[in-house]
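Let's take a walk through a structure, one piece at a time. Have your viewer ready and follow along as the residues come up.

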Protein chains: 2
Amino acid sequence: MSKRALIVEDDSNIAELLRLYLGKDGFEVMIAPDGGKAEADFDLFQPDVVLLDIMLPVKDGWQVCRDIRSKSMVPIIMLTAKGETSDKINGLEMGADDYVTKPFDVKELIARIHAVLRRKDADAPVEKKLNYDKLVINLDSYELVVDGKKIDTPPKEMELLFHLASSPNRVFTRNQLLDEVWGFDYFGDSRTVDVHIKRLREKLEGVSDKWCLKTVWGVGYKFEVTE
Amino acid sequence: MSKRALIVEDDSNIAELLRLYLGKDGFEVMIAPDGGKAEADFDLFQPDVVLLDIMLPVKDGWQVCRDIRSKSMVPIIMLTAKGETSDKINGLEMGADDYVTKPFDVKELIARIHAVLRRKDADAPVEKKLNYDKLVINLDSYELVVDGKKIDTPPKEMELLFHLASSPNRVFTRNQLLDEVWGFDYFGDSRTVDVHIKRLREKLEGVSDKWCLKTVWGVGYKFEVTE
DNA sequence: AGCAAAGGTTAAAAAAATGTAAAAATGCGA
DNA sequence: TCGCATTTTTACATTTTTTTAACCTTTGCT
């Protein structure tokens with residue numbers, strides 16, 4: 001599922017330029033044109049990274065930075081005016097993760113975005129491989145191996161199984177699964193989940209008695225492990 | 001194994017401060033108090049990163065930077081005086097990897113050190129030659145040898161194959177490939193990748209059953225090796 | 001038991017992704 | 001600048017996945 005970037009910037013030329021590059025790079029982008037809207041957009045959009053101009057209408061970048069930091073450890077990159085070294089210090093004290101001076105090189109900015117995201121990922125490493133009794137899921141190679149045999153599996157099924165198995169015994173509602181596997185912008189029928197579960201069960205049937213895809217009646221599904 | 005940092009700095013207050021923080025961060029630290037000693041210390045210490053002041057006794061930072069660059073691609077971070085933007089230009093032309101202006105925030109400097117080290121790790125480690133069963137790719141000479149026969153291949157195809165084969169079994173999305181092979185600033189259609197894959201497949205068809213270019217439906221492509 | 005709501009199953013429709021060929025554009029050396 | 005090789009775009013056919021919708025079965029409750 002793609003990452004989200006919130007751009008807080010009043011100059012629409014800069015903002016659209018960034019939208020272009022980040023969009024191409026696989027980000028979902030939202031633009032907040034002033035400091036007042038930034039906070040509401042942040043809550044709504046739940047971005048993975050924030051690009052934050054300092055000179056903003058309504059509420060300045062420092063304030064926005066502090067507001068966001070008070071509720072989230074999301075990486076923040078400040079866009080500062082050239083040569084303002086005091087901004088730099090200020091920004092790092094406010095909890096920003098990095099800063100770039102305007103006019104900035106887009107290439108450099110993109111590199112820094114990837115850098116802060118990598119840094120966060122390194123802090124909370126997302127394991128892309130799972131291994132249970134007779135079940136191996138590898139989301140790097142997109143391979144599902146059941147009882148030693150490689151099973152050809154469509155991507156949605158794979159991601160669904162991976163998501164469930166990542167939190168064994170935890171129940172997910174259909175809507176949670178649609179949000180977390182299909183993406184927050186998916187608006188289809190929740191029965192879709194049932195169909196995918198059924199297809200997964202066919203592939204996994206009778207392989208192991210240590211785990212299974214279990215229906216929790218009236219709630220949702222879970223990857224149940226016994227022991 | 002811990003990394004080594006060489007600090008070339010005549011102000012012992014700054015140097016010791018850096019030793020303290022870098023030491024805490026797991027670096028082995030050596031301090032060269034002037035440009036003359038820097039080169040000898042460099043040869044002796046073989047650091048993984050160099051922090052280089054510009055204003056130095058005996059021999060200035062530019063000269064030291066050039067000397068080091070002539071013998072090594074080690075990351076160099078320049079410590080420049082405040083506001084001297086010409087230093088920045090100069091430094092990057094001399095082959096420095098980054099710069100920070102004094103007075104600097106230690107937290108920031110540490111972050112930048114990690115950044116340049118990551119960058120080097122990402123750039124360098126790739127062997128420019130690859131060899132799988134009946135397949136030899138050499139990106140130094142741009143030669144592709146399949147089953148002992150040299151196959152005339154355009155550069156983009158070669159780079160694409162090389163990139164895929166460099167991480168066998170890992171799936172790359174089309175956008176990843178465009179970023180990593182074509183460059184982050186490429187804005188073309190992702191179907192371009194498909195066309196290159198097809199041409200590569202023509203050239204590689206039926207050569208070996210130990211590997212192939214595999215489509216991962218809904219995700220991307222991978223260089224799959226069986227074993 | 002009987003009812004309503006939830007879940008299972010299935011097949012067909014719809015949507016999305018890919019393979020392929022050919023045309024168009026680009027870049028580069030003669 | 002021309003001509004050629006490479007790269008990119010476009011269009012269309014084909015394949016595969018995903019979604020929808022219908023119908024059937026199970027569950028929980030009175």
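First, the ground rules. This is a predicted model, in which local features need pLDDT of at least 70 and side-chain atom pairs count only at pLDDT 80 or more, while totals for chains, interfaces and linings use all residues. Residues are numbered from 1 along each chain as its sequence is written, and chains are lettered from A and ligands numbered from 1 in the order in which they are written.

Start with chain A, which has eight helices and twelve strands. Helices here are DSSP runs of H or I with at least four residues, strands are runs of E with at least two, and both are numbered from the N terminus. Of the 227 residues in chain A, 29% are buried. For burial, count the other C-beta atoms (placed from the backbone) within 10 Å of a residue's own: 20 or more is buried, 12 or fewer is exposed, and in between is partly exposed. Two residues are in contact if their C-beta atoms, again placed from the backbone, lie within 7 Å. Take the contacts in chain A between residues at least 6 apart in sequence, and 55% of them join residues at least 24 apart.

Now for a sheet. In chain A, four strands form an open antiparallel sheet in the order β6-β7-β8-β9. Strands β6 (129-132) and β9 are the edges, each pairing on one side only; pairing takes at least two DSSP bridges between two strands. On average, neighbouring strands of this sheet are turned by 15 degrees against each other, direction ignored, with axes fitted as lines to C-alpha atoms (for helices, over the stretch in contact) and angles running from 0 to 180 degrees between N-to-C directions. Zoom in on β6(A) and β7 (residues 135-138) of chain A, and you'll find four bridges in the antiparallel sense. Here Leu130(A) stands opposite Ile137(A).

In soluble globular proteins, nonpolar side chains tend to be buried together.

Most residues other than glycine have a negative phi. Gln46(A) is not a glycine, yet has a positive phi of about 50 degrees. You'll find Gln46(A) in the loop between α2 (35-45) and β3 (49-53) of chain A, and it counts as exposed because 12 other C-beta atoms lie within 10 Å. Asp147(A) is not a glycine either, and its phi is positive at about 55 degrees. Asp147(A) sits in the loop between β8 (143-146) and β9 (149-151) of chain A, and is partly exposed because it has 13 C-beta neighbours inside 10 Å.

Over to chain B, where strand β3 (residues 49-53) has five of its five residues buried. Val49(B), Leu51(B) and Asp53(B) point one way from β3(B), while Val50(B) and Leu52(B) point the other way. In a regular strand the side chains alternate between the two faces of the sheet. Strand β1 (residues 4-8) of chain B runs parallel to β3(B), joined by four bridges, and Ala5(B) stands opposite Val49(B).

Asp41(B) belongs to helix α2 (residues 35-45) of chain B. Asp41(B) is partly exposed, because it has 19 C-beta neighbours inside 10 Å. Leaving aside neighbours within four places in sequence, its contacts are Leu6(B), Met30(B) and Ala32(B).

A residue is near a strand or molecule if its C-beta atom, placed from the backbone, lies within 6 Å of it. DNA strand C is surrounded by 18 residues, and the closest are Asp194(A), Lys198(A), Thr215(A), Asp194(B) and Thr215(B). Helix α8 (191-204) of chain A and α8 (191-204) of chain B are the elements that give two or more residues to this surface. By class, the surface near DNA strand C has eight nonpolar, four polar and six charged residues. Here Ala, Val, Leu, Ile, Met, Phe, Trp, Tyr, Cys and Pro count as nonpolar, Asp, Glu, Lys and Arg as charged, and the others, Gly among them, as polar.

DNA strand D has 23 residues around it, with Pro154(A), Lys156(A), Gly188(A), Pro154(B) and Gly188(B) coming nearest. The elements that give two or more residues there are α6 (155-166) and α8 of chain A, together with α6 (155-166) and α8 of chain B. The surface near DNA strand D divides into ten nonpolar, five polar and eight charged residues.
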